[in-house]
Amino acid sequence: MIASVDTVDDAGTGDGVDTAGAWLVVIDMQRVFTGDSPWAAPRFAGASAAIERLLPRFRGRTVLTRFVAPAQPTGAWVPYYRDWPFALVPDEDDLYALTEPFAALAAGDLPAAGAVPVVTEPTFGKWGTSLQAVTGTGADTHLVLTGVSTDCCVLSTALAAADAGVRVTVVADACGGASDVDHTRALDAMRLYAPLITVVDTL
């Protein structure tokens, strides 16, 4: 069970976590993870609301990511998409569209939020050259991870970034898992990587 809510002061610190200069990474807030999709995250709406509250704090330091299917699955992805054929559609399919307000952010329709780049990858983990080009890979790079699902794309991104020596903070109430149990298990797994990864309840 998630512990008590952390507090945040005006300097952007919560439970000793300083987010000044950090990048907010909004992972895969897409239609494929909503509604009656087989991949729907039950607490998607709650995570979305929590992320939306964070956007003003990270103006100019927010990046959105999207998961899409590969044009031609290879290796272990072949049986994966055999199990999930509904998801083997082009990345421009509505299934992989961002939900609001993130679609508006990507389109530049919310000027108060600043320019928001989008990184699209056919992999669970989003830490790679495209995301690195946005956030940097220096000693001071700090990623604040939010989005879905906690037990898949968030977890995969966190571990890869931490392994590369990047400071990672995961905001629990701004993430949603495939289930509440899976959400909690993923958070517990990421806590094992402290101090590379810090899990906070909220910011």
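Asp188 is partly exposed, with 40% relative accessible area. This residue belongs to one of the charged side-chain pairs in this predicted model, its partner being Arg191. The count of salt bridges comes to 6. Three of them are described below, grouped by where they sit.

**Within helix H6**

- The side chains of Asp188 and Arg191 form a salt bridge, with 2.9 Å from N to O.
- Both residues, Asp188 and Arg191, lie in helix H6, 3 residues apart, which is about one turn of the helix.
- Arg191 has a relative accessibility of 32%, so Arg191 counts as partly exposed.
- Asp182 and Arg185 also meet through their side chains in a salt bridge, at 3.6 Å from N to O.
- Helix H6 covers residues 180-191 and holds both Asp182 and Arg185, which are 3 residues apart, or about one turn of the helix.
- Arg185 is exposed because its relative accessible area is 57%, and the cut-off for exposed is over 50%.

- A salt bridge joins the side chains of Asp28 and Lys126, with 2.8 Å from N to O.
- This pair links distant parts of the chain, as Asp28 and Lys126 are 98 residues apart.
- Asp28 is in the loop between strand E3 (23-27) and helix H1 (44-54).
- Lys126 is in the loop between strand E5 (118-121) and helix H4 (129-135).
- Both Asp28 and Lys126 are buried.

Technical notes:
Residues numbered from 1 in each chain as written. Predicted model: local features only at pLDDT ≥ 70, side-chain atom pairs only at ≥ 80, totals over all residues. Heavy atoms only, no water. Salt bridge = Lys/Arg side-chain N within 4 Å of Asp/Glu carboxyl O. Helix = DSSP H or I, 4+ residues; strand = E, 2+ residues; numbered from the N terminus. Buried < 20%, exposed > 50% of the residue type's maximum accessible area, 1.4 Å probe, protein only.
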